[in-house]
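Subject: Structure handover

Hello,

Here is the structure I said I would pass on. Please open it next to this email and follow the residue numbers as you read.

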Amino acid sequence: RQADGRKVLRSSIREFLCSEAMFHLGIPTTRAGTCVTSDSKVVRDIFYDGNPKSERCTVVLRIASTFIRFGSFEIFKPPDEYTGRKGPSVNRNDIRIQMLDYVISTFYPEIQEAYPDNSIQRNAAFFKEITKRTARLVAEWQCVGFCHGVLNTDNMSIVGLTIDYGPFGFMDRYDPEHICNGSDNTGRYAYNKQPEICKWNLGKLAEALVPELPLEISELILEEEYDAEFENHYLQKMRKKLGLIQLELEEDSKLVSELLETMHLTGGDFTNIFCLLSSFSVDHDPSKLEDFLEELTSQCASMEELKVAFKPQMDPRQLSMMLMLAQSNPQLFALIGTKANINKELERIEQFSKLQQLTAADLLSRNKRHWKEWLEKYRGRLQKEIESVSDADAWNMDHVKVMNLNNPKYILRNYIAQNAIEAAENGDFSEVRNVLKLLENPFQEAEGFREVKEDTEEEGATATAAACAQETRSRLPYCSKPPLWASELCVT
């Protein structure tokens, strides 16, 4: 990518807005201080498709206690047994010890104080803490539908922050296999793979800490701590998102998984479905339930959206050739394609075919049936909460309050960022400020707040040009389900 070290306006605005959005969602993250752009230009091939364009250079001032990463410790790696590649500081154990001492004494002083005379115990305590922090961090991501996009060891913070906002994305329609990075062809960093890949990265950090921390100690810590910490934090957060504030029952995990399955079956908007659930009434009132089902299904994918989502991506002749190759020459097939990709394409074809037989009325009826089944289970669980308290009204107020504090109304959806980017590329930065203001209060309704600002005196001339660029796009409130054109956006 020319290796010129220049960042551009498009990616800078995304990083600036998202790191601030994450902070206000209460998720550990680096911060953004300023975003400064210039008239200097660089050429970028955004989608790596041979269509480069000129873009303005931009600098984001990033703020964090440290930018040391898991990958920072891999500079000491010995030669790889297959490739022969080695770290630039191989055999410099003196530097590794110095760096590890610095990290622990500066950012984990309580651990340094607890084990002043035993470096192995100290290093084990440090590894246990970063394991737990990482597990909690990725649990927080999963609970707001955040996908990082490139979770290699160099994008993992040694203090457990969200770091390096590149091809990230917040899920709109719930899809456990959602891939936010258009260049992640194998789905290595898909939404449902994030907990697993973060654990894998911790394993690589463990390898990089040898001999200061023997592998048999760190591997045991990883196996004992990571999954348990992730599952516990994830479930506790999900209980809050569902307003289960009184009891912790074993059945809660199943209720959450059944909710996500219902979202998946109906193409529900991950953010907005959770927001709506705070207004669900426990009363057995058929008319209230019907009204609520109408609201819920309005946040599910339309026939048009589903057809876009499941549209086959391969030419039928290409797919046929790949299937034949898989049978006749599996080794060659393994080099040019993956079984998972072919299976996914076959699933798309099947789903698309089913959609062709379905009417909009059928889809609505099916979605209502799915949601009605899950809501009955949710109502039963809420009844157990009510039966365990003496004041049902007080419980209901607390229940709604906790849900509203844990289910954001505003997230940085790709199309929202794109609107701000397009305006900024036309010289109007008011939309960036506008979006930032919404993201600073993600859990609150922006009452009386206009989501499309009038031209300011400072930016009047350029704002007019930006408005022209936006005219063809529907400008829904930013807490709405995204418009259809949003599904066409691709981030690499």
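Predicted model: local features only at pLDDT ≥ 70, side-chain atom pairs only at ≥ 80, totals over all residues.

Domains

The chain is split into three domains. Domain 1 is made of several pieces, 1-63 + 410-445 + 483-491. Domain 2 covers 67-236, and domain 3 covers 267-388. Taken over C-alpha atoms, the centres of domain 1 and domain 2 are 26 Å apart. These two domains also touch: 18 residues of domain 1 are in contact with 23 residues of domain 2.

The sheet

Look next at the open sheet, which has three strands in the order β1-β3-β2, with antiparallel pairing. Which strands stand at the edges? They are β1 (7-8) and β2 (31-44); each has a single partner strand, so one side of each has no neighbour in the sheet.

Strand β3 (residues 53-63) runs antiparallel to β2, and 10 bridges join the two. V42 has E55 in β3 as its bridge partner, and R31 has I63 in β3.

The pairing of β1 with β3 is also antiparallel and has two bridges. Here K7 is opposite T58 in β3.

Between β2 and β3 there is a loop, and Y48 lies in it. Y48 is not a glycine, yet its phi is positive, at about 55°.

As for the strands β2 and β3, 10 bridges join them. Helix α1 (residues 9-24) packs on the sheet and touches β1, β2 and β3. The direction of α1 makes about 165° with that of β2.

Helix pairs

A word on how to read this part: two packed helices are described by the angle between their axes and the distance between the axes.

Next come helix α5 (residues 194-208) and helix α6 (residues 215-241), whose axes are 10 Å apart at an angle of about 160°. How are α5 and α6 oriented to each other? That angle makes α5 roughly antiparallel to α6. The crossing of α5 and α6 is right-handed. From α5, the contact uses P195, C198, K199, L202, G203, A206 and E207. From α6, it uses L215, S218, L222, E223, Y226, D227 and F230. The residues of this contact of α5 with α6 divide into eight nonpolar, two polar and four charged.

The loop between α5 and α6 holds P211. The peptide bond that joins V210 and P211 is cis, with omega at about 10°.

The remaining pair is α6 with helix α15 (residues 392-406). Their axes come within 7 Å and cross at roughly 120°. The helices α6 and α15 are therefore oblique to each other. In α6, the residues K237, K240 and K241 meet V402, M403 and N406 in α15. What classes do the residues of the contact of α6 with α15 divide into? There are two nonpolar, one polar and three charged.

After that, go to α5 and α6 and look for P211 in the loop between them.

Regards

Key: Residues numbered from 1 in each chain as written. Heavy atoms only, no water. Pairing = 2+ DSSP bridges. Helix = DSSP H or I, 4+ residues; strand = E, 2+ residues; numbered from the N terminus. Contact = heavy atoms within 4.5 Å. Axes fitted to C-alpha atoms, helices over the stretch in contact; angles between N-to-C directions. Parallel < 35°, antiparallel > 145°, perpendicular 65-115°, else oblique. Left-handed = near helix turned anticlockwise from the far one by under 90°. Nonpolar A, V, L, I, M, F, W, Y, C, P; charged D, E, K, R; others polar. Domains from an automatic or database assignment.
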